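Colleague: Could you walk me through how this one packs together? I'd be glad to go through it with you.

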Amino acid sequence: LNVRMTTEQMQVIRDHIKNSPHRNKIPLLCDELQPSFNNVTRKTLYRTILRVVASKSVRSLSAEVKASVRQHVANSPHPEDVVLLCDELKATLDLGDMNRAALYRLVSDISHQHIYSWTIDVIGNIITTNQ
């Protein structure tokens with residue numbers, strides 16, 4: 001059973017996370033919120049909370065950290081391997097208490113942008129060469 005969260009339920013989750021002393025501890029947040037979400041499975045609640053926490057974590061990163069991630073992906077011999085990129089970045093950047101889901105989301109977005117840009121450049125070069 002996969003229940004879609006309403007706008008009101010999402011706001012309850014965001015508000016609770018904002019006021020919680022353990023904003024990145026997804027299982028504890030699930031424990032606290034589950035009584036308010038009787039019609040939602042724990043799995044759905046967990047995934048929703050994880051998405052909200054990851055999104056908030058990514059938005060809170062400094063421009064310098066985001067630039068470092070972009071540069072790391074651009075210089076990597078394996079820009080498509082998001083898991084390996086996350087491992088490398090976790091070891092080299094000071095990300096504080098950012099959870100892995102947030103790092104994965106950021107790296108995945110940047111990796112896809114990088115690969116897309118590279119593909120467009122290659123196609124453009126092929127078209128130019130063949131004219």
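**Cores and helix packing**

Modeller: Happy to! This is a predicted model. Its largest nonpolar core has 16 residues, and those with the most contacts inside it are Val69, Val73, Cys86, Leu103, Leu106, Val107 and Ile110.

Colleague: Which helix gives the largest share of this core?

Modeller: Two or more residues come from each of helix 3 (42–60), helix 4, helix 5 (82–92) and helix 6 (100–129). The largest share is 5 residues, and the element that supplies it is helix 6.

Colleague: Beyond its neighbours within four places in sequence, what is leucine 106 in contact with?

Modeller: Leucine 106 is among the core residues with the most contacts. With those sequence neighbours set aside, the contacts of leucine 106 are Val58, Leu61, Lys66 and Val69.

Colleague: Is alanine 67 buried, partly exposed or exposed?

Modeller: Alanine 67 sits in helix 4 (residues 63–75). Its C-alpha atom is 10.0 Å from that of isoleucine 110, 43 residues away along the chain. Because its relative accessibility is 39%, alanine 67 counts as partly exposed.

Colleague: How are helix 1 and helix 2 oriented to each other: parallel, antiparallel, perpendicular or oblique?

Modeller: Helix 1 (residues 7–19) and helix 2 (residues 26–33) pack with axes 11 Å apart, at an angle of about 120 degrees. That angle therefore makes helix 1, relative to helix 2, oblique.

Colleague: And which residues of helix 2 meet helix 1?

Modeller: The crossing of these two helices is right-handed. From helix 1 come Val12, Ile13, His16 and Ile17, and they meet, in helix 2, Leu29, Glu32 and Leu33.

Definitions and conventions: Residues numbered from 1 in each chain as written. Predicted model: local features only at pLDDT ≥ 70, side-chain atom pairs only at ≥ 80, totals over all residues. Heavy atoms only, no water. Axes fitted to C-alpha atoms, helices over the stretch in contact; angles between N-to-C directions. Helix = DSSP H or I, 4+ residues; strand = E, 2+ residues; numbered from the N terminus. Parallel < 35°, antiparallel > 145°, perpendicular 65-115°, else oblique. Left-handed = near helix turned anticlockwise from the far one by under 90°. Contact = heavy atoms within 4.5 Å. Buried < 20%, exposed > 50% of the residue type's maximum accessible area, 1.4 Å probe, protein only. Core = buried A, V, L, I, M, F, W, Y, C linked by side-chain atoms within 4.5 Å.
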